[in-house]
Amino acid sequence: MIDKNQFRGHEQLAYFHDKKSGLKAFIAVHNTSLGPSAGGCRMWPYDNEIDALNDALRLSRGMSYKNAMAGLPLGGGKAVIIGNSKTDKSEELFKALGRAINSLNGAYITAEDVGMCEEDMMIIATETKHVAGLPHGDHASGDPSPFTAKGIYNGIKAAVKYKLGRDTLEGLTVAVQGVGHVGRYLCEHLHGDGARVLVSDIVQENLDYAVEHFGATIVPTDKILSVEADVLSPCALGAIINNDTIADLNAPIIAGGANNQLANDSHGVRLMDRGILFAPDYVINAGGIINVCGEAVGDYDVNWVNEKVENIYNTLIHIFERSDAEHRPTNIVADEMAEEIIKNVKA
Ligand code: NAD
């Protein structure tokens, strides 16, 4: 029943059922070698407990890799609440989750993820101090999107330097899928650097903003992945690199913020075979968790955060070099580098 592949070196798995509030949640702690585990809390209408459990296991392991590659003193963890974020939210439910997190004595630090909002996090924070990404309070770091976008911009520059031998983005074309929180800040950097920006979105208002402020050109949503560009930057949805899209990709670089861009690991091989340089998503989009970490581990210091966000450039160059040297895809190389970082700290 349980996908055994999702159990890989996890340290702790807890199930919480609070009958009064209706809370049903899993908290998975994958690894704490580098520090307390951290990762967002997701609220999703899973069909059953097993699906929720597998998601918690998969996502918590992903957070270990992401935090390790970002150079953070954090391990990987994740909380998932089984419920509909539109109809099942209540103060009692989030307080019960706060008590659940508190019972782990700091082994897991939570933050916002799909289905959750700042108000929910503030309620959780009334029961536990192990919450980050709060809108206000002593060390509140606020919206992580500008930091995520800055990291992606640094990552795009690394990919452009490595693949095209160029130091700036001036005169290059970058196609951005999704101009929401992250995409919009990213376009600002790209435009500021003299890049030509192509955008697609399903919300007209977001497109209008990009046209007005960054001189962007609109591309229909069903054309953005195949449009000719120097860089394709997916900043909307996961699994957009799949069997249906991979043959039509028309950019030598894929570097964007969306989580889980490859439908599965084998698509990394296919990108490599096509000569397309892929910046592993969890490495390039780590700016947000870096900022949250700044809040979670002590006195928030924006210089510390910016230094780590800048370093995404170097981390990606290492991945690209090793991928080429070993002729293995960047997504697999990134996973291995993360595992090495975690293993070495244990030794
Ligand atoms: P968002 O919801 O603000 O923006 C997503 C945008 O994509 C929206 O404008 C939406 O209309 C658009 N969109 C949806 N479907 C689309 C489609 N088919 N074609 C084109 N556009 C489409 O989300 P966000 O916070 O900007 O995050 C974007 C991505 O980055 C997500 O995958 C998220 O998980 C990931 N991410 C975000 C952060 C962060 O700091 N916000 C950090 C790490 C990863």
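This is a predicted model: local features need pLDDT of at least 70, side-chain atom pairs count only at pLDDT 80 or more; totals for chains, interfaces and linings use all residues.
1. Residues are numbered from 1 along each chain as its sequence is written, and side-chain values use heavy atoms, with hydrogens and water left out.

2. The chain is divided into domain 1 (9-62 + 75-124) and domain 2 (145-285 + 315-339), with bounds that come from an automatic or database domain assignment. Taken over C-alpha atoms, the centres of domain 1 and domain 2 are separated by 30 Å.

3. There are 2 cavities of 30 Å³ or more, a cavity being a set of points, on a 1 Å grid over the protein atoms alone, where a 1.4 Å probe fits but cannot get out. Grid points are joined across faces, edges and corners, and a volume is the space filled by probe spheres set on the points.

4. The largest cavity holds about 50 Å³ of space, and its lining (residues with an atom within 4 Å of a point) consists of Met 69, Ala 70, Val 283, Ala 286, Lys 308, Asn 311, Ile 312 and Thr 315. By class, this lining has 5 nonpolar, 2 polar and 1 charged residues, where Ala, Val, Leu, Ile, Met, Phe, Trp, Tyr, Cys and Pro count as nonpolar, Asp, Glu, Lys and Arg as charged, and the others, Gly among them, as polar.

5. The second largest cavity holds about 30 Å³ of space, and the residues that line it include Gly 39, Leu 74, Thr 110, Ala 132 and Val 292. Two or more lining residues come from each of β3 (37-44), β5 (108-112) and α9 (287-296), the elements being DSSP runs numbered from the N terminus (helices H or I, at least four residues; strands E, at least two). The lining of the second largest cavity divides into 8 nonpolar, 2 polar and no charged residues.

Note on methods
On a 1 Å grid over the protein atoms alone, a cavity is a set of points where a 1.4 Å probe fits but cannot get out, and a pocket is an open set with protein on both sides within 12 Å along at least five of seven lines; lining residues have an atom within 4 Å of a point.
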